[in-house]
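Please keep the viewer open as you read.

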Amino acid sequence: MSSAPPSCRGHRYPVEIIAHCVWLYHRFPLSFREVEELMLKRDVLVSHETIRRWCLKFGQSYANALRCRRSRPGDRWHLDEVFIKINGEHKYLWRAVEADGTVLDILVHNRRDKAAAKRFFRKLRKATQSVPRVIVTDTLRSYGAAHREAMPSVEHRPHKGLDNRAENSHQPTRQRERAMKSFRSVGGAQRFLSAFSGISPHFRPRRHLMTAPDHRAETTVRFAIWEQVTGAAGQPTTA
């Protein structure tokens, strides 16, 4: 992955405005029209359709750049799957997180069988370029079958009570699913959730473990990183 910020050449608005709209949409449960309204309050006239195109074009690039800034994943991964509704049909969201709750990767799939689990394992290894010491899952048998073929050297601990970390990581997705009144397609859900799982957690430090001054300091650092990966660092304020 390239660490250079994506180019905004040819766009009417500066990178600061584009990055701010992408941040608003992925950080808070807002619609494109609500982001449009918030920008209007700042005297920035931009349509919700333009904001939608910005999020599609830049959201994944920003998320990838943030992932590149992370340290190497730990050796204990938690995996879980949950159903999401797309056009009235149940699909499955597979998610892997580290022991501290950091999202490693996600996959939206029609099924939760062995083939889907194997595909997720392969995608996860490609995204992280690493292999854990232990994977923790619920008792879905698809994990065991896929594990024996895709990650035979990794210890597998199937236990319903040990998988709370991954289950809790679904909560922000549920919040967005309600705000968006469900997703429209499998591809659209994959694109949004892939960017969302890279951007939103960056601005969600473990606040319950911090004092207020520490939390403010950590948030300031994370905004500085955001400006660096988007290319907004050093840009003049235009709104």
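Which residue stands opposite V136 in strand 4? That residue is H78.

## About the model

This is a predicted model, in which local features need pLDDT of at least 70, side-chain atom pairs count only at pLDDT 80 or more, and totals for chains, interfaces and linings use all residues. Residues are numbered from 1 along each chain as its sequence is written, and side-chain values use heavy atoms, with hydrogens and water left out.

Strands here are DSSP E runs of at least two residues and helices are H or I runs of at least four, numbered from the N terminus.

Pairing requires at least two DSSP bridges between two strands. Strand 1 (residues 76-86) runs parallel to strand 4 over three bridges, while four bridges link strand 4 to strand 5 (residues 155-158), also in parallel. In strand 5, R157 stands opposite V136.

The open sheet has five strands in the order 3-2-1-4-5, with mixed pairing. Its edges are strand 3 (103-109) and strand 5, each pairing on one side only.

## A residue in helix 3

R52 belongs to helix 3 (residues 48-68). Its relative accessibility is 30%, so R52 counts as partly exposed (between 20% and 50%). The C-alpha atoms of R52 and T139 are separated by 39 Å.

Key. Buried means under 20% relative accessible area, exposed over 50%, partly exposed in between (1.4 Å probe, protein chains only).
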